[in-house]
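Please open the model in a viewer and keep the selection panel at hand. The stops below are given in the order in which they may be selected.

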Amino acid sequence: MANEKKVSSHLTYQELWDAVRFRDMPQIDAWVSEGLELFDYDRQMTVYHIASQCGTVDFIEELVRRHPTTTHLIMRGSKEGAVTSLHWCCCMTANEKDDSGHSVGILDALCRAAGPGLALYSTGNEDAATWTDWANDDEKLCEYIKWRRQNTAGLPPEIRRLDNRSIHQYIHTFGSMGSESAERYKQAIKGKTETSYCIRLVFLGHEGVGKTTLMLRMTDQDVSKLKPTNQLDVLLNLLIIDRINKQRKLLQPGMEQEVTRQRLRDVIVDSFLSDPSSTTEDGTALGAMTKPPDTPITEGIVNRSSSTFSESPRASLVTPTTPPEVTSPPTTPLTPDTVFNAPPIMTTSAIHTEAAVVMTSGPTEDFGQRGHKTYVSVFDFGGEMMFSNFQHIFLNTNAVILLCFSLHNCFQNDAILDRVYFWLKFLSTFSDANSRYQPPVILVGTHLDMVEESQRTSIRQEVRRKIKSDPQVATAFDRHVVEFVIKNSTVNVRSAYDDLWNLVHEAAVHQSQWGQLLPATWITLERDLMLLKGQGVKVMTLDEVNARARNLVVPLDERDVLAMLEYLHVIRSILSFQLENPNSRIILDPQWLIQAFRMIVTTVKFRQQGLDPELISEYDRTRRLTIPFIDAVWTKGDAEGFMEFRDTILLYLDRLELIVKPLPKEDETCVDYFIVPCLLDEPNPNHIRPLLEQKGTIKSRTLCFEFRERFIPPAVYNKILASCIHRFEVLRLSDQNDNLYLQQGLACFAISVRWNMALHCKDSQIKVTLFSNVVKKVEEGDGYMVRVILETIIQATMKRSHQGHLRFDYYVSDDFQVKNDESMVKVLTTTQVKSMSRRSTDTAVWFTVRKQMAKSSLSVPQSERTLLKRCPTPREVIRIAKYVGNTYTLFFGIIGMNEVRVQQLREQFEHGQRLDFLSVLARITFAWKDEFGNKANFMQVKNAFEFCGLDLTGLFEDITQLKNDRISPEDLGIPASIQNSRPLEEEISDISMIILKAYFIVFVELNITIETIELAEMDRSKALDLIKYLLGQWVETFKDEATIRQLYLALKECKRNYTKLIELVKRRQLV
């Protein structure tokens, strides 16, 4: 059998040792999936024995999260006897020469994984050795064992990751604190602030110029670790620097928790210890808590369990009380999408524990002077140009940029300096023309050792002259470059990079967040989030963050939470775009999201092995990122949790506009593929030109948004294109050919039945042209709403990209294509255009509101004129939404809805409620009714339908027929007795699956009130539970009228699979 364990194959000690030593979790995943036991039968050693020697707390906790069924191995003895990994770890700890190791934290992690009870403290065999026996009379280890028995929850997550010295300090601090410590800790946090002196160090440049080598040497890392940087590596809190003596220290990976804890301690320690009269319960001055004790302190430890303390290890074994932290292994791994219930309001005991955690001296405490520490995070960007679309999300004015290029080939390979020009112009868009060093740039020429000796003295001046030969680049150089340095890439002496670090310190003061005052309360929430991240949590909702913030020692209100999240987003510790509603997502681990997108990009560009060639071929043909394609790619990285949380990742990539889901075609209820703008073909205007120049095509003059000769990065244009794909239907080559008029920065859209739109983005211009083979001429106002929508898209995109200060002017021209040195006519501002007595037709098409037609182009029967004065009923709203379809952006603009509001509602209903597209349009229409009241009438609908060229006659006919049953009983193909019966109890689940994403419009069609549906949504988060409840309400309310026939008609109207309903009820005839 596939799942049967392989008894003929065993793992060796060396294999297990290598897997633990190199943290090779994918290899362990593979062994477990193959049914291999993580046990060396020759030496009788488990993976946990080895982890106690060369593992880490993070490794053990990750192993338990991924494979909880392996925890029984913790209590499995070796061949020397009943020597478990716990005993082995005790022995390792007792034999260590100093307190710099991490064996106590590992021992605590093993205890938690093994679970509470007798097995924690002995093997259950009275003749077997106990922990204390293996401690070899090591006083501090005995102190820990004694403390652990009394505190069954074990060490807090932050503490067990510290070195042994810090853990002993925590035990001393915890036991020494008096009863008043909780209140003093709370008061110490209130009103205190930290001055932020963090550095974001960003490495940019062409691929292969030595960026990563420079980063490794600057940060005192082993250059043998060098590997190509794919897209972006984020290394948060990699270094700590003392700003007084400029000394720096490399921190271990994953130090976010410890750094926030130490920052909080630095902020409050003086206040916490400021009262000289304050003493501990045993009379010890609180100041003594800042140094580890010289004598055993177990007698001073407060017994916090219900048991009686005893000196005898065996006698002290009791059934542990319910710990505040789960000590048994989880039945399933902790996942990135774990839903967090609000933690309980903190008790005095819990605050006491937290105070002890924060006040414990950690491994970074002795480095640097309090108030003068700088933490450095590194962002190492891959050099491939295609990666700039993702990388620019991590760029802003709060960074020191090291812009690297290679000296030895920069004059032979134009691409090297071209990339320097690109990034200088790119970075200059983050601030206005009057700003200096926003952000600051240090230009670094690498590989000086590869330049001929005779040229080394002059190369720096020659490069400077070359760079400044372009006026636009020269301006960017003068505004941003703090210094231009050259480096020998072979030098690996620490002091050789001191001058570069001095420049970094000088440049850091120009970061936008340098010197920002941060409340201590913010740090407490940041610490809480980093703790969750350390536990493997990747994603949280805003509502979940708010819930945790309300239950901190000093609670934060929602405004403070938003401000704190915005700060963390600016420094890119997290990603938190567009926090508009409680379900807005926050990414705690940006690197996780980077890796997910990286796999898509690299698969498409470099054709990863093992992927089905048909999937690649399908992508090449259609440029569509299908769900099967994504599944195949992310299955390779499933150890990262991509597949399990696919929908969450796709949602965020969509919010970041790195991928975009186009609008459905007329015969589709939803779309199951995405488009990746940065992976589209290079733009070729000749691909579009025949479409606009064919016989019978009417064109408007082209409107140009000109950014006053400022360079706009292609990544920004890709986002603008993504926003347009999200709002307008992409034009297809023909009904027979499903390929799209869609390339990078160049596309055609069907914005209504009457008009198509060509869009071209390049350099500093965005051009838009209307064209049609339906209308006879261009009229005033035909492009007005299109311009308004595009303005909204452009301004919102620029703001999200930290370039909202950039301004544009309007021009008109004759060509849809962006060209250099094109003759264009500048347009006056909108206000000036409106005030002109005579308007040019060229500008009036874009800047004049289109007048309503005096006479309808479609006759409205006399009997229906009263219809125009009233508001649509709920069932009529569904008909309107059905006809509006992909012209929704223009339609809702014409009837007066704000474009931003429309997109917010679409986001809310599409991603929050997970409704299909027709249901989303219906809900937006209901929102229009709510906002405009009596003004939301059929006259407004008629005008918008006529402007968009929609079928007004068909809509009115459908509304007229609402009371008529146009389907005969014979059409259903089932007996009348079944048609007129209610759904059976056993059919409800299957009916719910048929309704699913259309539940809102289906139940509106069944005459369930909007209020009833919305109340049910509030009370039930799961879609199937919600649908089952509403089906019950429908049957209960309408009784004998709640029939299969009525359900059939509703499903048919709402474009659901009504034939499945017929197949379902036909089963009754078989019984």
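Contact, as the term is used on this tour, means heavy atoms within 4.5 Å. The model is a predicted one, in which local features need pLDDT of at least 70 and side-chain atom pairs count only at pLDDT 80 or more, while totals for chains, interfaces and linings use all residues. Residues are numbered from 1 along each chain as its sequence is written, and side-chain values use heavy atoms, with hydrogens and water left out.

Select arginine 1068 to begin. Arginine 1068 lies in the segment after helix H44 (1058-1066); helices (H or I, at least four residues) and strands (E, at least two) are DSSP runs, numbered from the N terminus. Leaving aside neighbours within four places in sequence, the residues in contact with arginine 1068 are Ile978, Ser981, Arg982, Pro983, Leu984, Glu987 and Ile1044. A polar contact is a pair of N or O atoms within 3.5 Å; within protein, one must be able to donate a hydrogen and the other to accept it, and residues adjacent in sequence count only if both atoms are side-chain atoms. The side chain of arginine 1068 makes such a contact with the side chain of serine 981 at 2.7 Å, and another with that of glutamate 987 at 2.8 Å.

Next, select leucine 731, in the loop between strand S18 (729-730) and strand S19 (742-743). Is leucine 731 buried or exposed? With a relative accessible area of 15%, leucine 731 is buried (buried means under 20%, exposed over 50%, partly exposed in between, with a 1.4 Å probe and protein chains only). Not counting residues up to four places away in sequence, leucine 731 touches several residues, including Leu691, Tyr741, Phe749 and Phe771. Alanine 750, 19 residues apart along the chain, has its C-alpha atom 5.5 Å from that of leucine 731.

Now turn to the backbone. Most residues other than glycine have a negative phi, and most peptide bonds are trans. Arginine 23, in the loop between helix H1 (13-21) and helix H2 (25-33), has a positive phi near 50° and is partly exposed, at 36% relative accessible area. Asparagine 237, in strand S5 (residues 232-242), also has a positive phi, near 50°; at 14% relative accessibility, asparagine 237 counts as buried.

Finally, select glutamine 438 and proline 439, which are joined by a cis peptide bond with omega of about 5°. Proline 439 sits in the loop between helix H16 (414-428) and strand S9 (441-446).
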